[in-house]
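Please open the model in your viewer and keep the selection panel at hand.

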Amino acid sequence: MTADRRAVTVIGSVHMDLIAVADRLPARGESLTGHLFGMHPGGKGGNQAAQVALNDVPTFIVSRLGDDLFGRELRARLAAKGVDTSFVVTDTTTATGASPLLVGGDGEYASIIVPGASALLSEADVDAARPMIARSAAVMLQLEIPSNVTAYAARTARDLGAQVVFNPSPAPSSAAVLPDDLWECVDVLVVNELEAARIGGTDIETRRTGAEGAEALRTRFSIPVVVKTMGAEGAVAVGPNGVIEAPAWPVNVVDTVGAGDAFVGTLVSELVRGLPLVDALHHATAAGALAVTRSGAFDALPSRPELLTFIRTRSHPTSNP
């Protein structure tokens, strides 16, 4: 990451997660009785920004919220985590987005994302944040806002000298549905197995090993670094210096909501801090492990002291540099 910059700008969605927990996920057409319900801040942009800020890196977010109760609460909760919300626009025409989530007893989940005001994020909103982007070492992007705005943000970041970290989530149907110039601007691609299969054009049931799949994406899109998360199997990164593998940390899973956001937020914050990729990946897998031991996403994100204590006090398999 750029040596003379320390900030991170996240451009993406913020919405309210409405989480219902039952012993298992319902089958199609089935109603279940749950045992827990909660409302928590969410949206991949908001979660990732909160995680970067919790890791003591200056963090800005560019998004849109409605002029409503959810919007006001989300803005306040982001600020409480240390995220600068100066470039979060209050939209007076559209309600704040929401995401109903169903969580089963094994921690797996399903969700429906209703972006609301976040879907109206525009190129003008990105332009308004140019001074912050110019101060940032990295700009983080996802796919919960219009893809043309994501691509515009990537070009803007590239023009202003910030590195582009792209997490293509929710997974697109294929790489072809995304603008070509988006891929041309990406410096670090972070994908899970489904996202890798979708954008790589491979059948998820016959996907390659983690390193092979990451290398295939890196070659196809000419991206310097590709990071692939594999849940209980850990994560792998492929870059100019070869393959780095990071085994998963053994923990008791409560739910997996937000684990990917904890991972990518920590990965980027540690790279901005100047850690080598092997160490940043080690920290990121630890953050993801901590996140799954708690319910929800936003409130499950670990602080930097919690993360460092976890790493210091837990045994962990040796990573391969």
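Begin with Asp56, which sits in the loop between helix 1 and strand 4 (59-66), where helices (H or I, at least four residues) and strands (E, at least two) are DSSP runs numbered from the N terminus. The model is a predicted one, in which local features need pLDDT of at least 70 and side-chain atom pairs count only at pLDDT 80 or more, while totals for chains, interfaces and linings use all residues. Residues are numbered from 1 along each chain as its sequence is written, and side-chain values use heavy atoms, with hydrogens and water left out.

Asp56 has a phi near 65°, a positive value in a residue other than glycine. Its relative accessible area is 56%, so Asp56 is exposed (buried is under 20%, exposed over 50%, partly exposed in between, with a 1.4 Å probe and protein chains only).

Next select Ser222, in the loop between helix 8 (210-221) and strand 12 (225-229), whose phi, near 55°, is also positive.

Then go to Pro170, in the loop between strand 10 (163-166) and helix 6 (180-185), and look at the peptide bond from Ser169 to Pro170, which is cis, with omega near 0°.

Finally, select Leu267, which, leaving aside neighbours within four places in sequence, is in contact (heavy atoms within 4.5 Å) with Val190, Val227, Leu277, Ala280, Leu281 and Ala284.
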